Amino acid sequence: MSSTPVHVSCPAGTITGYTEGDVNYFHSVDYSLIPGDFENAVKLNAARDQDARTPRPDAVALTITAPKQATDAPVLVYIHGGRYENGTHEDPRAEGTANARAGIIQVQVGYRVGLQGFAQFHDDESFRFRGIDDCQLALEWIQSNIESFGGDPTNVTVIGQSAGATTALWLMRRDHYKGAFRRVVALSPAFPLESNEKRRASLRRALGVPVTRESLAALPQDKLADGYSKFRKKHNLGMALGPAPFDATEMVDIPLVVGSTRDEFYGIPVAQKIDSSPLRGLALRQMAPKFGFPPNSLVRGARLQATSTKNVPWDA
């Protein structure tokens, strides 16, 4: 299908995307300025033109997929998962064409992950994470600009998956919520079992340097990656970093749906083998401690899921 350029003038500047059929695409739109990997992001200080025709999956940016003739369309903001370690706003599994054809504007949000997004320093507030604050700035950008793309800024739904679901819930905290969205759908939210503060000593040992902005910024990227890999292994299959602990009483009162994505790990061959094995109950018992759960908890959860989805019961 051939594409033609499309230009949208908004408070952030002129954004150039392209049209294919009845859908407009704007890839990897910058929504903030990040002065350093471990520094707090700030709003873009002036309007500027952006060519948004080429995806930049490694950028901290957002991608907009919109009906060609949108007017006051509902807005769906998707926050990707990835264990707070990876993921991108250009994840093709969350591509927005189907929603756009249904009359919905979809915005996929990228944010800093890994140490850049979720390591905490001595002068950070305990409930603040750069990766989540990145998402907050993206939501503010959407509030200021989405009307120019045909969206209704008063009708924004945030949906997150896995780490993205946890981020969405964290954005519902009273100390974060600024009215930038009306409702949340959280799919398979996942939290670390301990706070970053409790894990700071082990992170320092793995990195070999103090856990400060200056020390981490000075480390070569390969040493930073190696150090994080050592730290990551200490926590097996659980979350090494991320927002914790979570207290639901700190959330604002807006509509919330919490669900799960049943086939979340089917892209991993070993997960498919376990699911189809007659020994899957035994495998789950062995895997549970690696996630930080009691030995039989995953088996009970699998039985419940199999019953609720009318699948063949698990043989524990």
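The expected span of a helix is taken as 1.5 Å times one less than its number of residues. Helices (H or I, at least four residues) and strands (E, at least two) are DSSP runs, numbered from the N terminus. The model is predicted: local features need pLDDT of at least 70, side-chain atom pairs count only at pLDDT 80 or more, and totals for chains, interfaces and linings use all residues. Residues are numbered from 1 along each chain as its sequence is written, and side-chain values use heavy atoms, with hydrogens and water left out.

Helix H7 has 13 residues, which should span 18 Å at 1.5 Å a residue. Its end C-alpha atoms lie 18 Å apart, in agreement. Leu224, Gly227, Tyr228, Phe231 and Arg232 of H7 are buried (under 20% relative accessible area; exposed is over 50% and partly exposed in between, with a 1.4 Å probe and protein chains only). Seen down the axis of H7, these buried residues fall within an arc of 140°, so they line one face of the helix. The arc is that of the directions from the helix axis to the C-beta atoms. An α-helix has 3.6 residues a turn, so residues three or four places apart point the same way. Lys230 and Lys233, on the other side of H7, are exposed. The cover over the buried residues of H7 includes helices H2 (114-118), H5 (196-207) and H6 (213-218).

Leu115 has contacts (heavy atoms within 4.5 Å) with Leu224 and Tyr228, among others.

The largest nonpolar core holds 71 residues. Such a core is a set of buried Ala, Val, Leu, Ile, Met, Phe, Trp, Tyr and Cys residues joined through side-chain atoms within 4.5 Å. Ile64, Val107, Leu115 and Phe181 touch the most other members. Helix H3 (residues 130-145) gives the most to this core, with seven residues.

Backbone geometry was examined next. Most residues other than glycine have a negative phi, and most peptide bonds are trans. Tyr84 has a positive phi, near 65°. This tyrosine, Tyr84, sits in the loop between strand E8 (73-79) and helix H1 (97-101). Tyr84 counts as buried, at 0% relative accessibility. Ser162 also has a positive phi, near 60°. Ser162 lies between strand E10 (151-161) and helix H4 (163-170), in the loop. Its relative accessible area is 7%, so Ser162 is buried. The peptide bond from Ala244 to Pro245 is cis, with omega near -5°. Pro245 belongs to the loop between helix H7 (221-233) and strand E12 (256-259).
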